Structures are given as C-alpha cells and as structure tokens.
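Subject: Structure handover

Hello,

Here is the structure for your files. My notes on it follow below.

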Amino acid sequence: MYSIAICAVCACLSVACTSQKGVLSTCVVEEEQMPVGEVSPTTLIIFYDAEIGKKPLLEEVEKSGAEIIYDYKNMNGMAIRKPSTMSLSEARKHFSGVRGVLSVEYDHVVHLD
C-alpha cells in the first residue's frame with residue numbers, strides 16, 4: 001500500500017514542484033497545509049539535486065540518527081525514518097536545510113478515486 005502512496009506522492013511532487021523552467025525546485029508546504037488523513041508519524045520523503053548528489057544527505061541522516069527506509073535510485077530521493085530526538089515537523093525543517101535537498105515531504109496515502 002505504501003509503494004502506491006509513494007508513487008502517487010512522487011507524481012504529485014513532479015507536478016507541484018516544477019519551476020517555470022521545468023526544473024524541480026524546493027517545495028515548502030506550511031504546517032497548516034499538512035495533508036489530512038493517513039500521514040506516517042515517522043517517515044519523510046526527501047528528494048535531492050542529482051548534480052550535488054546524495055552524499056550531504058547521507059551524512060546528515062547518519063549524524064542525526066535517522067534511518068534510511070528506501071533509496072529511490074531512479075528518482076534521486078529516499079524515504080527516511082526521522083530521528084527519535086525530533087518531531088516530524090522538526091525533522092522536516094532540519095532536512096530541508098541540507099545542501100542539495102530539493103524537497104522534504106510527509107509520507108501520506110493518496111487515494112486515487
């Protein structure tokens with residue numbers, strides 16, 4: 001079920017985070033706009049710039065005590081379990097500041113009705 005949700009989130013991000021030049025840009029969703037419904041309390045989906053690579057993100061994941069759940073090799077992204085020392089919103093804000101990170105999104109189920 002989560003793989004379907006993740007694919008839907010990726011599809012939404014590729015549309016929602018496109019700049020005028022068609023390049024993926026940083027997306028920030030305010031706390032009030034957090035998706036309603038089935039949001040994972042511990043998982044974030046993070047996309048990074050392919051040119052910078054994932055090294056800065058991997059270093060921060062290890063340093064912070066987060067855990068990589070899945071590495072999306074074809075999409076320059078990964079799902080992580082937040083560090084136990086941070087709330088979900090604190091972790092989202094923290095990883096948004098990592099060099100090369102384009103977007104940090106809550107993992108949630110998207111129903112395609």
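Two strands pair if DSSP finds at least two bridges between them. Strands (E, at least two residues) and helices (H or I, at least four) are DSSP runs, numbered from the N terminus.

This is a predicted model: local features need pLDDT of at least 70, side-chain atom pairs count only at pLDDT 80 or more, and totals for chains, interfaces and linings use all residues. Residues are numbered from 1 along each chain as its sequence is written, and side-chain values use heavy atoms, with hydrogens and water left out.

Start with the strands. β3 (residues 77-81) runs antiparallel to β1, with five bridges joining them. Here Ile46 stands opposite Met78. β2 and β3 also pair in the antiparallel sense, over five bridges. In that pairing Met78 is the bridge partner of Asp71. Four residues lie between the strands of the β2-β3 hairpin, where Asn76 takes a positive phi near 50°.

Burial next. Buried means under 20% relative accessible area, exposed over 50%, partly exposed in between (1.4 Å probe, protein chains only). Four of the five residues of β3 are buried.

Now Asp71, in β2 (residues 67-72). Asp71 counts as buried because its relative accessibility is 19%. Its contacts (heavy atoms within 4.5 Å) include Tyr48 and Gly77, leaving out residues up to four places away in sequence.

Last, Gly53. This residue sits in the loop between β1 (39-48) and α2 (55-64). Gly53 is buried, at 17% relative accessible area. Its C-alpha is 9.9 Å from that of Gly77, 24 residues apart along the chain.

Best regards
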